[in-house]
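Thanks for coming, everyone. I'll walk through one chain today. Please put it up on the screen.

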Amino acid sequence: MHFIKDRGFGPLRGEGVTPQALYGRRREFLARLSAGAAGATLAVWAARSAHAQTAGPGKLRPLPAGKSAVSGALTMEKLTPYGDVSSYNNFYEFGTEKTDPARLAGSLKTQPWSVVVEGEVKKPGTWDLDALLKLGPMEERIYRMRCVEGWSMVIPWVGYSLAELIKRVEPTGNARFVQFATLADKSQMPGLRSSVLEWPYVEGLRLDEAMHPLTLLAFGLYGEVLPNQNGAPVRLVVPWKYGFKSAKSIVRIRFVDKQPKTSWEVAASSEYGFYSNVNPKVDHPRWSQATERRIGDDGLLSRKRPTLMFNGYEAQVGQLYAGMDLAKNF
């Protein structure tokens, strides 16, 4: 879910799910409701829902995976239906509306594909997709994912810990942060014509965050390769951070000695900090982060649920931030 202003990762299925196009404009709905225009708004939503992608697994190439033994990598919560995961996305390279990526990402060419690894490493180089796929044992990781805008999903990702790649390239003693850059090709990505962000999209992690076993280099979901709109062919998944930290369609990984500026920091540093850990106690300047709505649950005005510290992964990652002021380092 590149998840938030993203940038954007079990075969259980959800039944009786309200189409996700209805969720995408809930704030618009409330505003129009107060103005007496709820009927018109619902009509618009109904028309949009007809275009939502509903195809399930079986459409794309299978990507088999074993069960993960990493602590915290599995949850018993109900999975978000595939149709919602693949049709309700933030991927600004294809547009700023939640339905734009599913409509427009068919133009993305994922073969051939390569990822450049450079900077403070002893073994820089270029990894093609086949080499990356063979680098680590493929696992299924069922992660809760939380968007800064207040919605969440539960997604069965397929991939392996990013640490597998990091260990192979051998960071030098100067490496303290890892920077990720995504593809920026106007011929494939119509959203790049917008000035909403500087391109290419850039994200970053501290080296110890990148090395944490939960940090996933993902190649698939629901037992298949990633749909284009979900960040094909390779993306990052960091489940304790807001979704925009999980960079999609990665083409470059650079190890650096200084904290890199991320795309959302450059665009709005007062709203989107470098760490972006899920923290219900720190509000976004324009809305609360204390609660969330789970996509696929209970209809248009579904019950809000409390947001969990570190998105529920505090036991696994809380020690990374011991002694830090998590309001200042948001």
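How many bridges join β6 to β7, and do they run parallel or antiparallel? There are 5 bridges, and the two strands run antiparallel. Ala-181 stands opposite Val-202 in β7.

Before going on, some ground rules. This is a predicted model, so local features need pLDDT of at least 70 and side-chain atom pairs count only at pLDDT 80 or more, while totals for chains, interfaces and linings use all residues. Residues are numbered from 1 along each chain as its sequence is written, and side-chain values use heavy atoms, with hydrogens and water left out.

Confidence next. pLDDT is the predictor's confidence in each residue, from 0 to 100. The chain averages 85, and 82% of its residues reach 70 or more. Over residues 1–54 the pLDDT is below 50. Beyond near neighbours in sequence, that stretch still has 153 contacts in the model, a contact being heavy atoms within 4.5 Å.

Now the overall inventory. The chain has 9 helices and 13 strands. Those are DSSP runs, numbered from the N terminus: helices are H or I with at least four residues, strands are E with at least two. Of the 330 residues, 56% count as buried. Buried means under 20% relative accessible area, exposed over 50%, and partly exposed in between, with a 1.4 Å probe and protein chains only. The accessible surface comes to about 13,500 Å². Carbon and sulfur atoms hold 53% of that surface. The areas come from the Shrake-Rupley method with a 1.4 Å probe, and for residues only the protein chains shown count as cover.

Back to the sheet. It is open, has 5 strands and mixed pairing, and the order is β3-β2-β11-β6-β7. Two strands pair if DSSP finds at least two bridges between them. The edges are β3, residues 125–128, and β7, residues 202–206; each pairs on one side only. From one strand to the next, the twist averages 20 degrees. That angle is taken between N-to-C directions and runs from 0 to 180 degrees, with axes as lines fitted to C-alpha atoms, for helices over the stretch in contact.

Look at β11, residues 250–256. Strand β6, residues 177–182, is joined to β11 by 6 bridges, antiparallel. Phe-177 stands opposite Val-256, and Thr-182 has Ile-250 as its bridge partner. Strand β2, residues 114–119, is joined to β11 by 4 bridges, and this pair runs parallel. There, Val-117 partners Ile-253.

The loop between β6 and β7 deserves a stop. Ser-194 lies in it. Ser-194 is partly exposed, with a relative accessible area of 30%. Its C-alpha atom is separated by 8.8 Å from that of Tyr-92, 102 residues apart along the chain. Pro-200 sits in this loop too. A cis peptide bond joins Trp-199 to Pro-200, with omega about 5 degrees.

Another cis bond joins Ala-232 and Pro-233, with omega about -5 degrees. Pro-233 is in the loop between β9, residues 224–225, and β10, residues 235–237.

Two backbone angles to note. Tyr-222 has a positive phi of about 50 degrees although it is not a glycine. Tyr-222 is buried, at 7% relative accessible area. Phe-310, also not a glycine, has phi near 55 degrees. Phe-310 is buried as well, at 2%.

Last, the packing. In soluble globular proteins, nonpolar side chains tend to be buried together. A nonpolar core here is a set of buried Ala, Val, Leu, Ile, Met, Phe, Trp, Tyr and Cys residues joined through side-chain atoms within 4.5 Å. The largest has 73 residues, and Trp-157, Leu-165 and Phe-255 have the most contacts inside it. Strand β5, residues 151–161, gives the largest share, 7 residues. Apart from that core lies another, of 11 residues, including Val-148, Leu-197, Tyr-201 and Trp-287.

What does Phe-255 touch, leaving aside neighbours within four places in sequence? Its contacts include Val-117, Ile-166, Phe-177 and Leu-207.
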